[in-house]
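Here are my notes for your read-through. Please keep the model open beside them.

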Amino acid sequence: MRVKGSESHRFICRSVAPQGTVLALFLFTLYNADFSYSSSSCHLQKFSDDSAAVGLITDGDDTEYRGLIQDFVDWSLRNNLRINANKTKELLVDLLRRNNLPPAPVNILGTDDDFVKS
């Protein structure tokens with residue numbers, strides 16, 4: 001465990017908490033608590049067992065949004081968490097209803113995200 005620059009001794013746990021239990025959700029929340037991101041146009045919304053990157057893209061500039069996603073992927077790899085890129089989806093909401101072509105999908109670990117309508 002790392003807290004404000006201090007790190008405890010490593011301990012390898014050979015057992016797991018069954019998926020769907022309260023303990024598993026608590027442990028996952030505790031484990032990923034050190035990654036956070038929030039600015040005026042992007043933030044990472046974390047749930048008990050899921051995360052959502054939310055970005056306001058203005059004039060087609062999605063640099064910060066894509067950077068947030070890449071930072072989260074990099075953090076996950078460093079912390080031995082695997083992202084299932086096949087389950088990752090993108091939802092585009094065009095508040096101006098311009099019906100432009102969607103931007104290129106975000107690529108996570110060599111897999112392009114799928115766009116969904118809902």
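1. Which residues does Glu-90 touch, not counting residues up to four places away in sequence? They are Tyr-65, Pro-105, Val-106, Asp-113, Asp-114, Phe-115 and Val-116. Contact here means heavy atoms within 4.5 Å.

2. A word on the source. This is a predicted model, where local features need pLDDT of at least 70, side-chain atom pairs count only at pLDDT 80 or more, and totals for chains, interfaces and linings use all residues. Residues are numbered from 1 along each chain as its sequence is written, and side-chain values use heavy atoms, leaving out hydrogens and water.

3. Back to Glu-90. Its place is in strand E5, residues 89-91 (strands are DSSP runs of E, at least two residues, numbered from the N terminus). Glu-90 is buried (under 20% relative accessible area, with a 1.4 Å probe and protein chains only). Yet Glu-90 has no salt bridge (a side-chain nitrogen of Lys or Arg within 4 Å of a carboxyl oxygen of Asp or Glu). The nearest side chain of opposite charge, Arg-66, is 5.8 Å away (Lys and Arg count as positive, Asp and Glu as negative; His and the chain ends are not counted). The Glu-90 side chain does reach the backbone nitrogen of Val-106, at 2.8 Å.

4. Now Asn-79. It lies in the loop between helix H2 (63-78) and E5. Is Asn-79 buried or exposed? Asn-79 counts as buried because its relative accessible area is 9%. Its side chain reaches the backbone oxygen of Trp-75 at 2.8 Å. Asn-79 also touches Arg-2 and Tyr-31, leaving aside residues up to four places away in sequence.

Conventions:
Helix = DSSP H or I, 4+ residues; strand = E, 2+ residues; numbered from the N terminus. Buried < 20%, exposed > 50% of the residue type's maximum accessible area, 1.4 Å probe, protein only. Polar contact = N/O pair within 3.5 Å; in protein donor to acceptor, adjacent residues only side chain to side chain.
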